[in-house]
Amino acid sequence: MQVHFGVELLHAEWKHAVTCIGTFDGVHLGHQEVIASAVKLARTREWPAVLVTFDRHPAHILAPDRCPPAIASLQSNLANFASMGVAVAVILPFDKALSLTSAASFCDAILVSKIKSGAVVVGYDFAFGHNREGTPEWLQEHLETSVVPPLSIGGSRVSSSAIRAFVASGQVEEAARLLGRPFEVHGVVIPGRKLGRDLGYPTANIGRSFDQVMPADGVYAGDVICSHGMFRAAVGIGMRPAVQGTHRTIEAYLLDYPGHALYGESVTLQLTSRLREELNFATIDELRTQIGLDVEQVRAIEATTE
């Protein structure tokens, strides 16, 4: 998949393209319906499938006090776009100037002139342009446009806001149902207080580099993907009251990990289920015993899913 940041250097040598537009944060099942529809139409027409998205949530500019945290990293979103057959991804910087651009100007200058859109696919609730004037109905008056209806699963409307709410309350299994895959935390392994090593359970302390939705405090089962492969993990998220923690952390104990320290490495953490809430303990020995029980529970979950 070709990736362009902005359209200044985009020189399309195709005559027409099928374009899908959206924020696509997390690339959940609803987003996947839109993207798959665009890819299918593009293959039918023998045109490239071009995806247009933004470098940040529009609320960063339009309503910064109400801007939601991200569900996934840009790198993760791009990987999902590519896996679905998108030929070209165009990432537009959502700044003040773009927020003031009219729907007509956006359509003419970007969709038609730069991308050469012959057909457009959008979700039912998508809108663009100043004051959100570029509704699906508006687009249908100016370009061939397909509108993908809302998607519900098990009575829940698939949406980014619903996924954020599930993650923030610790319901990672529910979030996974709407995402179509486990919720992921993206970060870098950074040094911590090394208390896990003293307890017999050395952990990878994961520091994040962007404002991603934080799972509720507690202990989770999951997987860590690193340069050495994928490893089952017991993951603690919270303030660590038993060791007088001063800030919220994400720490993962990798089961059967044979490699060296991962400091400085970029890793992906997939949270598959929540084991319990965060607890305080009167003694370090009680904490060590509970960690052992958590690890055994992760092993038991792994055994049932093999």
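## A buried histidine

Histidine 186 is buried, at a relative accessible area of 10%; buried here means under 20%, with over 50% exposed and anything in between partly exposed (1.4 Å probe, protein chains only). This is a predicted model, where local features need pLDDT of at least 70, side-chain atom pairs count only at pLDDT 80 or more, and totals for chains, interfaces and linings use all residues. Residues are numbered from 1 along each chain as its sequence is written, and side-chain values use heavy atoms, with hydrogens and water left out.

You'll find histidine 186 in strand β9 (strands are DSSP runs of E, at least two residues; helices are H or I, at least four; both are numbered from the N terminus). Leaving out residues up to four places away in sequence, histidine 186 touches Ala72, Ser73, Ser76, Arg208, Phe210, Gln212, Val267 and Thr268, a contact being heavy atoms within 4.5 Å.

## The chain overall

The protein chain has 10 helices and 14 strands, and its C-alpha atoms fill a box of roughly 70 × 40 × 40 Å along the principal axes. Of its 306 residues, 49% are buried. Among contacts between residues at least 6 apart in sequence, 74% join residues at least 24 apart.

Nonpolar side chains in soluble globular proteins tend to be buried together. In this model, the largest nonpolar core has 31 residues, and Phe183, Val235, Leu269 and Leu271 touch the most other members. (A nonpolar core is a set of buried Ala, Val, Leu, Ile, Met, Phe, Trp, Tyr and Cys residues joined through side-chain atoms within 4.5 Å.) Elements that each supply at least two residues of this core include α7 (160-168), α8 (172-179), β9 (183-190) and β14 (266-276). A second, separate core holds 25 residues, including Val90, Leu98, Val120 and Trp138.

## A cavity and a pocket

The whole structure has two cavities of 30 Å³ or more. On a 1 Å grid over the protein atoms alone, a cavity is a set of points where a 1.4 Å probe fits but cannot get out, a pocket is an open set with protein on both sides within 12 Å along at least five of seven lines, and lining residues have an atom within 4 Å of a point. The second largest cavity holds about 50 Å³, and its lining includes Ile71, Ala72, Ser76, Phe183 and His186. Strand β9 gives the most to that lining, with three residues.

The largest pocket holds about 1000 Å³. Its lining has 45 residues, with Thr23, Asp125, Phe126, Ala127 and Arg132 nearest the centre. The largest share, four residues, comes from α1.

## Serine 273

Setting aside residues up to four places away in sequence, serine 273 touches Val172, Glu173, Tyr220, Ala221 and Ile301. Valine 88 is another matter: serine 273 and valine 88 are 185 residues apart in sequence and 35 Å apart in space, C-alpha to C-alpha.

Technical notes
Grid points are joined across faces, edges and corners, and a volume is the space filled by probe spheres set on the points.
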